[in-house]
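Please look at the sequence and the 3D structure below, and then read the short report on its side-chain pairs that follows.

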Amino acid sequence: MGPCGPGEEQYFTGNYPAAGTSGTFHGDWTPCSVSCGHGIQSRRGIRFDSCGSSHNLNPETRPCNQQPCPVNGVWSAWGQFTPCGKSCGGGIQVRFRSCDHPSPSNGGLSCIGDSLQTASCNSQQCQVNGGWGTWGQFTPCGKSCGGGIQVRFRSCDHPPPSNGGLPCYGNSLQTASCNNKVCPQQVTLTNPISIETTTRPPSVNHRSYLIKKLKRGSLNK
């Protein structure tokens with residue numbers, strides 16, 4: 001080729017080649033297009049011939065930062081609340097969410113916050129049905145003999161009904177018979193000497209004594 005041919009290609013970095021020097025000059029690589037996940041960087045090329053003329057070359061590219069990018073975790077939507085733990089008197093229900101929308105990967109951060117949420121439910125007071133207390137003591141018998149009646153009581157206060165609860169079922173009063181033995185008969189004995197009144201049945205010896213007096217006619221009716 002002539003004196004102004006392309007000459008031998010040489011590579012220079014940092015500075016342009018000296019005047020009269022032929023060759024190809026490449027500039028610095030551009031910053032990578034991304035910090036991770038398959039980026040690209042490029043540099044310009046200029047070719048100088050021996051006559052000092054320059055010719056732009058197509059940019060040169062190369063891959064950079066090929067490592068996968070960190071992915072921070074993101075919460076999913078909240079799920080439905082569970083059924084309330086109580087039908088009255090204050091219960092708790094819970095719901096959940098997951099750190100999978102997406103999940104953290106490649107060194108990314110986990111989700112910030114709680115995966116569980118609670119809420120109070122059914123805080124109204126519960127109905128309380130009445131319950132009987134224990135029976136009290138029986139009252140004294142109404143009679144000492146011949147069949148009497150005694151009574152005892154109980155109260156619907158163990159617990160008492162409240163908040164619309166049902167009253168106790170059954171009776172608050174109970175009766176019982178008592179002193180059912182036959183009452184002794186009153187016997188009045190009269191004689192010229194004395195008048196004897198007893199409320200106890202005569203003994204065997206006393207009956208014999210009375211019979212003897214009747215036979216002698218000394219017992220007045």
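## Aromatic rings

The count of aromatic pairs comes to zero, where rings of Phe, Tyr and Trp (its six-membered ring) pair if their centres lie within 6.5 Å. This is a predicted model, in which local features need pLDDT of at least 70 and side-chain atom pairs count only at pLDDT 80 or more, while totals for chains, interfaces and linings use all residues. Residues are numbered from 1 along each chain as its sequence is written, and side-chain values use heavy atoms, with hydrogens and water left out.

## Charges over rings

A charge sits over a ring if NZ of Lys or CZ of Arg is within 6 Å of the ring centre and within 35 degrees of the ring normal. R97 lies over the face of W75, at 4.2 Å from the ring centre, and R154 lies over the face of W132, at 4.1 Å from the ring centre.

## The salt bridge

There is one salt bridge, a term for a side-chain nitrogen of Lys or Arg within 4 Å of a carboxyl oxygen of Asp or Glu. R43 forms a salt bridge with E60, and their closest N and O atoms are 3.0 Å apart. R43 lies in strand β3 (residues 39-48) and E60 in strand β4 (residues 54-64), so the pair ties together parts that are 17 residues apart in sequence; strands here are DSSP runs (E, at least two residues), numbered from the N terminus.

R43 counts as buried at 18% relative accessibility, whereas E60 is partly exposed, with a relative accessible area of 32%. Buried means under 20% relative accessible area, exposed over 50%, and partly exposed in between (1.4 Å probe, protein chains only).

Key
Helices (H or I, at least four residues) and strands (E, at least two) are DSSP runs, numbered from the N terminus. Rings of Phe, Tyr and Trp (its six-membered ring) pair if their centres lie within 6.5 Å; planes under 30 degrees apart count as stacked, over 60 as edge-to-face and the rest as tilted.
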